[in-house]
Amino acid sequence: MPPLNNKEINAIFKEKLFYLGEEFNLSLLSGFVKTLYQIPIEYATQALSLAKTQQDVNKKPIKLNYSIKYLINEPFNAGTCNRDGASFIFINSSVPYLLFKACISYAELCDIKKSTIKEKKLKLLATKKIKLTQKLDYSLANPESIERLFQKLLKDSAHINKLVFQYALFLYEIAIRFLTMHECMHVILGHTGYVKQKFNLDDYLEFSEEREHKIPLSTSQALEFMADRNTCRGILVQTLQGNSIYNVYSSKLKSSKLSREMLISRSVTNALSIILHIFPGKLIENMSETLIKTHPHPFIRMQWMITEMSYEVGDENSFNHYFLKPFALNIATFKDNFEIKYPWTLLSDKDLKEGSYRNLFSYTSYKKIIITSKQVQKETQPFKLIY
Ligand SMILES: [Zn+2]
């Protein structure tokens, strides 16, 4: 099967586009705002082009056709699907705006030389917590609204210190890269091919009800964990290697006493905390109840991801300084999510109340997901594109 051009891929997904929503016209955006929308497309293209140069599990060249689009619709933040030899990755068009706005609010509370929220002996110095108030909706997501909202946001941010703005951009880049690469991972690791063949599921929408009914929930959570672990570790390593656009640590901040490795690890932890606060899906109060949902609770996903990232950097003693400290400060900084008045501080208290470290829900559930993932990985193996 030869590679398809964009027109042919669009024809394959015509019915999906009708069902999932109108395409967001990027050409209606301009300058800086357009760049913010192009960043995830650039990274997804890099990853999928690389996957195309590899061989499949039968040592045959991979034939991967793909398309990445922003869509205007309400019910999802991102998703992906496979059809007739092509992969389609889609992001809701209000995501970059909501995310960038949250990154600016967050960066304003940061001590950038330490890459954590401003604190003294782990006590927050900022008196106001970050409250995320908006959610995805159609009126927010069309190009005219987006351009208008961004212009207002940029005007309101004009007073912000240049370094703070640059740090917000750095966090935005990591976070949007995470969202997009997480979807690419569902394709590259074979998840979309697997759920289509085994469970007759065409669209791998994050948090969809169809998915909840068709895929066993333990399998669903294992797929999420595998996409998360590959994405967060990959982004951390790539950012450390210098593959990023807005990296504030590439030239500036040489005056910081902390290592570049520590500052970047903290920043990735911060960016992931922001994005998991913005898109919680069906967030419920008790984290153990999330075992019956498609995704692990975002609080638990974060715990698992910082554990995974710690295998890539530092030594055994650096986990607390690289990941746990910024994560703990983030837990304390976000007030609520817009969907539910239930901050992560309460979940954290619940987790810690269980007693010894080995009894923590976050710890025992991590042990379990590792075992389930190994089993699920064997099943998804034939659909896997690389490694
Ligand atoms: Zn996912």
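The crossing of helix H11 and helix H13 is right-handed; a crossing is called right-handed if the near helix is turned clockwise from the far one by less than a right angle, and left-handed if anticlockwise. The contact is made by Met 262, Ser 265, Arg 266, Thr 269, Asn 270 and Ser 273 of H11 and by His 321, Tyr 322, Phe 323, Pro 326, Phe 327 and Asn 330 of H13. Two residues are in contact if their C-beta atoms, placed from the backbone, lie within 7 Å. The model is predicted: local features need pLDDT of at least 70, side-chain atom pairs count only at pLDDT 80 or more, and totals for chains, interfaces and linings use all residues. Residues are numbered from 1 along each chain as its sequence is written.

Two packed helices are described by the angle between their axes and the distance between the axes. The axes of H11 and H13 (residues 319–333) come within 8 Å and cross at roughly 35°. Axes are lines fitted to C-alpha atoms, for helices over the stretch in contact, and angles run from 0 to 180 degrees between N-to-C directions. Helices (H or I, at least four residues) and strands (E, at least two) are DSSP runs, numbered from the N terminus.

H11 covers residues 260–278. Its 19 residues should span 27 Å at 1.5 Å a residue, and the end C-alpha atoms are 27 Å apart, so the two values agree. The expected span is 1.5 Å times one less than the number of residues. H11 is mostly covered, with 17 of its 19 residues buried. A residue is buried if 20 or more other C-beta atoms lie within 10 Å of its own, exposed if 12 or fewer, and partly exposed in between; these C-beta atoms are placed from the backbone.

The largest nonpolar core has 107 residues. Such a core is a set of buried Ala, Val, Leu, Ile, Met, Phe, Trp, Tyr and Cys residues joined through C-beta atoms within 7 Å. The residues with the most contacts inside this core are Leu 99, Cys 103, Leu 171, Tyr 172, Ala 175, Phe 178 and Ile 275. Helix H7 (residues 162–188) supplies the largest share of the core, 16 residues. Beyond its neighbours within four places in sequence, Phe 178 is in contact with Thr 231, Cys 232, Ile 235, Ala 271, Leu 272 and Ile 275.

Strand E4 (residues 86–92) is also mostly covered: 7 of its 7 residues are buried. Ala 86, Phe 88, Phe 90 and Asn 92 point one way, while Ser 87, Ile 89 and Ile 91 point the other way. Two strands pair if DSSP finds at least two bridges between them. Strand E2 (residues 65–72) runs parallel to E4, joined by 7 bridges. Here Tyr 70 stands opposite Ile 91. Strand E3 (residues 78–83) pairs with E4 in the antiparallel sense over 6 bridges. Arg 83 has Ala 86 as its bridge partner in E4.

Two loop residues other than glycine have positive phi. Ser 115 has a phi of about 55° and lies in the loop between strands E5 (110–111) and E6 (116–117). Ser 115 is buried, because 26 other C-beta atoms lie within 10 Å. Leu 122 has a phi near 65° and lies in the loop between strands E7 (119–120) and E8 (123–124). Leu 122 is exposed, because the count within 10 Å is 10 other C-beta atoms.
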